[in-house]
Amino acid sequence: MRLSLASRLVAREARGASGKILFFVACLAVGVAAVVTVAGLSDGVDRGIRGEARRLLAADLAIRAERPIPSEAVRAVEALLAARPGSRRASVHEMATIVSAPGRDGTPGPSALALLKGAEEGYPFYGEIRTKPEQAARRALGPDEALVAPELASKLRIGEGDTLRIGGRDFVVRGEILSEPDTLRVGFSLAPRVLISFAGLGRTELEAFGSRVDRTMLVALAGRVDAREVETAARSVRRALPESSGVRVQTYADAQPALRDGLRRAARFLGLVALVSLILGGIGVSQAVRAWLATRVDAIAVLRCLGVRPGEVVALYTAEAALLGLAGSVAGIVAGIGMLAVAPRVLSGVLPDVPLSVWQPQAMLRGLALGTGIALAFSGPPLSAVRLVPPLRVLRREAEPLRPGGIAAILIALVLFAGVWGAASIQSGSHRIAAAFTVGIFVAAALLAGAGRLLMAGASRISGRRVRVMLRYGLAALVRPGAGTLTAVTSLGLGVLVVVALALVERGLVARLRAELPARSPNVFLVDMQTAQWADVQRILADAGATHVTGVPIVNARLVSIDGVPVAELVRRRSGGGRREWILTREQNLTYMDALPSDNVVVEGKLWSDPGRAEISIERDFARDMGASLGSKVVFDVQGVPQELIVTSLRTVDWKSFGVNFFLVVEPGVLDRAPQMRVAAARVPAGSEQPLQDRLAAEFPNVTLLKVREIVEKVAAILDRLGLAVRLVGGFAILAGIAILAGAVGATASRRGREVALLKTLGATRGGVVGVFFVEFALTGLVAGLVGTSGGCLLAWGVLTRAMELEWTWRPLVLVAAPLGTIALSVIAGIAASASALRKRPIEALRSF
Amino acid sequence: MTVPRIQIRGLSKRLPSGNALLTVIDRIDLSIAPGEFVAVLGPSGSGKSTLLALMAGLDRPSEGEILLDGRPIQNLSEDDLALLRRRSIGFVFQSFQLLGNLTARENVLLPLELADIEGAAARADALLAAVGLSARGHHYPSQLSGGEQQRVALARAFAPEPAILLADEPTGNLDQATGRLVLDTLESLRRDSRATLVLVTHDPDVAGLADRRIHLRDGRIDREERRIAEPVA
């Protein structure tokens, strides 16, 4: 068959099928819109970050460390500056600390945790700091001036010209800081910003030995430099650094690798949620194609009589499905573009603050490919029967299409499975996750279809009994040929499953965070405390009524070697970097104690059992990640002094106890004279956390008090906002389920019209007919709701108890609301889709008999 | 000797009926010459339509041979049978079987396009004119009367100039006057095209037009009648 004829036939075939085409397109468009929205946001934000990369680093090059930047790096930077006259550098130090407003009449002023940033003149080299009033940022900050975040100003009730106390020194508030170029307002900051000059930071003396400070040296190279030149400069600094120094050298071209990595992970998860909607769309497509082909069997038989070959018939209808798939995908892309246009407003605070374009070609292409692919994969099963339509049907109507044989059926199932797996691989970027997803979807769909069959069997049995007439007709409607009960239950149920599972996991997480802390757990932590201050701090804690006070020393050190293998070599042996490398090169926190706290259990070896050698006890999982085991010799550099320790015990720690715990605990007597700080935890009565913080801020401004409740609330609020994004994407799945139910009803519209006409002719009122429909759709919704909710509970239970090791709580509200909501949606969508049948006067429908 | 257009040897067709096999066509031998008009008569269930389906390769025989122009067709693949129908066989059905989503003209055009015949549009228009429906070419089947639909079906059947035309009760769904008009049209088109026509009917008047009448009973040829001694070559 010539292509031109084939395309004419495809075009003619679409005539008079606008209803079915609309349904086909709508089913697919919902899923494609979800896919395009997620991919478009992810690509758009990523592109936005890369586009603003220089501003987001505020420099061309940044050297970062959790301790003073090694002199080798500083010398390398100086060499760079010398080689390129006009180049500049600026140091920026950041730390968490408590700041306060001055007190009055001997009572300390209000205090708050803040993220303090001390920046040298020149910062930022790119981008700008926006302030209120605007002119506050025009000149460099003086040593006694500060800019504060608006939320801090309102919390401490201070404004422009007022005094802010940082580290016991007074600063004048010059204005409020609205935005910084190198901070993406993603709502993930746990404390508000305070910006002071480098000289100001020096005045606070907060960088006392042992305080946790993130240090960054920013470099702006003179002239117009491109990414390659900056990378060359970065390499020269990296080369100068000792191996595995823990110092990171970033160029603007790296563009926030950690943030982008996090966004990519989020996009992959949400991508799979979006794919569920698309797969539901696929189920709808399959149903639409089946219904459409059922009306075309006679025409196909005629075509066969006219000499169209079986393969040509399949090709013709496959091309039709592909074209409709394309149309559905394009409609979905247009809807996705609309979603991308409103997303920044709906998700403000969740998305990073970068310009976001609605034009995302890659996401559109992905939507097009997945939409068309899913449409074709799900059209496969009904299309495969087209080949078997016998031309004999033109003479003998009872000649039905044959069922595909065993091998053909297996092949079709395999193509469908492969299609879903391929789509999931694209969305998740992992073949393994995609396989689990595909199996999960098929198992859930099979369970739902099984429940649908049970419903139909039950309905068929009950409808024969003496029950009320409305109920009997409603039940009979569920089992009528082509009723679409199975499809409706499966698709709606899958949508409910996804939404319920997402809601339960989110609620489970937030509830765990917000749960009352165990009665003996500490609710405040004190860090950055000098050893000499501990006695006085204990007194203040006692005054505040604190109980369960524990304070332990903390010694900063760096890992040098394990069993004689230097860290640099260990890093080289591990590919992939990330956490496994960071565990080796990070600043390690060591403590020492005689007996372990009760939430620690020694699972291998014996604590302090070798009198001849200095011992260390390591948390079991941490030891595994480090690559150390019982008997390993580990060497630490304790601020310039090498210390060899032997691993004599491995422990497990119950981190959920909120106690002060360490991965690395050293035998007492070994580190007693090493430079050290103290960290403490206590439980203070409700309401005394803030006065305690205010008093500590006044008397020991270097001590940082962390309130567990406050941090938990911040994390819960962030989860809540992220949950909004997840719920929005999950909502597409319900929408797709509803579209399919409505489509299933629409496919039986003419039959329904005749039934309504007959019922009305026999004396049924319109209300009575609505009652029949109500029974049918309510039962469909009930089964989909119950099975979907059960599946959602099972999935959430698995994620919460197995993957996250949290406790499972039954949530009666969800358990009741989800099935009821499903019934309501099913009834509304079903009756709305039957509206034309209900409106028809009996004579109109009877004429068409 | 001229090769018969259709030759049937020992043809049987059995269909499952419950647990048993029902013999619908029972060892039939038949030879139809080129250009011959054969009417197949018989009561319901005598196997008329099945015989027609077997001749067209729409169904496969249980036993025996069917040769079209000397070439056996019972073992051809589905694709080859389709190509054979495309080039050599035209159909007219009792229920018209026009494609509802195509206009009258497109219905006539379709077999011409499938056979890739040059000047398809002109031939389709000429055929529509020949059946008296020039003005209705843009109408869809649902907008035409039964007689008009059947005339479109006739135009479609003759469009690719098939050597064989198979007609299954072409006037069965029409009133007498319309049926007559359709038969006249059929006869006129057949004469012009010199096609072999096999027409299934149980209307003796319709059968009276044929060169030969074959009466089937219980799947067998009960008797044959000829209008004239030799078929028109």
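Predicted model: local features only at pLDDT ≥ 70, side-chain atom pairs only at ≥ 80, totals over all residues.
User: Which strands are the edges of the open sheet in chain B?

Analyst: The open sheet has 6 strands with mixed pairing, in the order β6-β7-β8-β3-β9-β10 (chain B). Two of its strands pair on one side only. These edge strands of chain B are β6 (89-92) and β10 (220-226).

User: Are α3(B) and α5(B) roughly parallel or roughly antiparallel?

Analyst: The axes of helix α3 (residues 104-114) of chain B and helix α5 (residues 146-158) of chain B come within 7 Å and cross at roughly 25 degrees. Angles under 35 degrees count as roughly parallel, over 145 as roughly antiparallel. The crossing angle therefore makes α3(B) and α5(B) roughly parallel.

User: How many residues of the contact of α3(B) with α5(B) are nonpolar?

Analyst: α3(B) passes α5(B) in a right-handed crossing. From α3(B), B:Ala104, B:Asn107, B:Val108 and B:Pro111 meet B:Val152, B:Ala155 and B:Arg156 in α5(B). In this contact 1 residue is polar and 1 is charged, while the number of nonpolar residues is 5.

User: At what angle does α5(B) run to β6(B)?

Analyst: α5(B) lies across β6 and β7 (164-168) of chain B. Its angle to β6(B) is about 170 degrees.

User: Which helix supplies the largest share of the side of chain B that touches chain A?

Analyst: The contact involves 24 residues of chain B and 21 residues of chain A. α1 (48-55), α2 (78-88) and α3 of chain B each supply at least two residues of the chain B side. That side divides into 12 nonpolar, 3 polar and 9 charged residues. The largest share, 6 residues, comes from α2(B).

User: Where does A:Pro133 lie?

Analyst: The peptide bond from A:Lys132 to A:Pro133 is cis, with omega near -5 degrees. A:Pro133 is found in the loop between β4 and β5 (145-148) of chain A.

User: What is omega for the peptide bond from A:Tyr123 to A:Pro124?

Analyst: A:Pro124 lies in the loop between β3 (111-119) and β4 (130-132) of chain A. The bond from A:Tyr123 to A:Pro124 is cis, and its omega is near -10 degrees.

User: Is A:Trp608 buried or partly exposed?

Analyst: A:Trp608 lies in the loop between β15 (600-605) and β16 (615-619) of chain A. Although A:Trp608 is not a glycine, it has a positive phi of about 40 degrees. Because A:Trp608 has 18 C-beta neighbours inside 10 Å, it counts as partly exposed.

User: Is B:Glu169 buried or exposed?

Analyst: B:Glu169 is found in the loop between β7 and α6 (176-193) of chain B. Phi of B:Glu169, a residue other than glycine, is positive, near 45 degrees. A residue counts as buried if 20 or more other C-beta atoms lie within 10 Å of its own. B:Glu169 has 21 C-beta neighbours inside 10 Å, so it counts as buried.

Conventions:
Residues numbered from 1 in each chain as written. Chains lettered and ligands numbered in written order. Axes fitted to C-alpha atoms, helices over the stretch in contact; angles between N-to-C directions. Helix = DSSP H or I, 4+ residues; strand = E, 2+ residues; numbered from the N terminus. Parallel < 35°, antiparallel > 145°, perpendicular 65-115°, else oblique. Left-handed = near helix turned anticlockwise from the far one by under 90°. Contact = placed C-beta atoms within 7 Å. Nonpolar A, V, L, I, M, F, W, Y, C, P; charged D, E, K, R; others polar. Pairing = 2+ DSSP bridges. Buried ≥ 20, exposed ≤ 12 C-beta atoms within 10 Å, placed from the backbone.
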